Amino acid sequence: MIFRMFNLGIDAADRDKFNRVGQHNLLTSLQDEVGTLTMYSTHADAQGRDNYIFEVYADDAAYQVHAHSPQFQEFSAMAKETIKKRAITQLKPLFLFEQPTSFIVLAGRSVVKLRQLTVDDQQLAKLKATVFPKLQQAIQRDPDYLACLIGRDQDDPQRLVILTNYRTAAAADRYESLLPETATDLTPETIVSHGGLAFQG
């Protein structure tokens, strides 16, 4: 399984084009690519200059299908013109759980939160033993808890990335206390998922 986070910086003037082409990329990929499991396009600032993209693919073959698709080629061409800053984090999947059915989120219609924290092996073991089971139960029981994706930076194993997605603010209020530290709010532009992710490593 492939799990990646991109931090992309663009000019505010390019926001509409970036989001339009990006949305076409994500929606078409959901429709055409069974191995493109989930994709998030979000931003962290009001102007939409600081963007976070998250992708999960079944394997490298699935990623290659996406990378050679017409919709991604269109996005890639646009990105060369608009992206001013680009950072990629390759993540080792630790906990990827979602609602069982496909979902699409457009234009800010869910609550997305990002945590990036430093943990040692003992702290991670404690999270796996005490927090991960509670997160899994919450997602299985509550349809408003859309997803929780947790990965470990492959280049910096003590860095943990946690992405949570809730259908409503009330659901976020119910479950955010399960996780450590303060989260950054991300505004979703387009989120697509086949649903059904249920992985713990």
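Mentor: This is a predicted model. Start with F132, which is buried at a relative accessible area of 1%.

Trainee: What about F95, buried or exposed?
Mentor: F95 is buried, because its relative accessibility is 0% and buried means under 20%.

Trainee: How are the rings of F95 and F132 placed?
Mentor: Their centres are 5.0 Å apart and their planes stand at 50°, so this pair is tilted.

Trainee: Where do F95 and F132 lie?
Mentor: F95 is in strand β4 (residues 83-98) and F132 is in helix α4 (residues 121-141). The pair therefore ties together parts that are 37 residues apart in sequence.

Trainee: Stepping back, how many aromatic pairs are there?
Mentor: The structure has 9 aromatic pairs. One of them is F72 with F75: the ring centres are 6.5 Å apart and the planes are at 35°, so that pair is tilted.

Trainee: Where do F72 and F75 sit in the chain?
Mentor: Both are in helix α3 (residues 70-82), 3 residues apart, so about one helical turn separates them.

Trainee: Which residues do ring pairs link into a cluster?
Mentor: F18, F72 and F75 are linked that way.

Trainee: New topic. What sits over the ring of Y63?
Mentor: The charged end of R4 does, at 4.3 Å from the centre of that ring.

Methods. Residues numbered from 1 in each chain as written. Predicted model: local features only at pLDDT ≥ 70, side-chain atom pairs only at ≥ 80, totals over all residues. Heavy atoms only, no water. Phe/Tyr/Trp six-rings, centres within 6.5 Å; stacked < 30°, edge-to-face > 60°. Helix = DSSP H or I, 4+ residues; strand = E, 2+ residues; numbered from the N terminus. Buried < 20%, exposed > 50% of the residue type's maximum accessible area, 1.4 Å probe, protein only. Lys NZ or Arg CZ within 6 Å of the ring centre and 35° of its normal.
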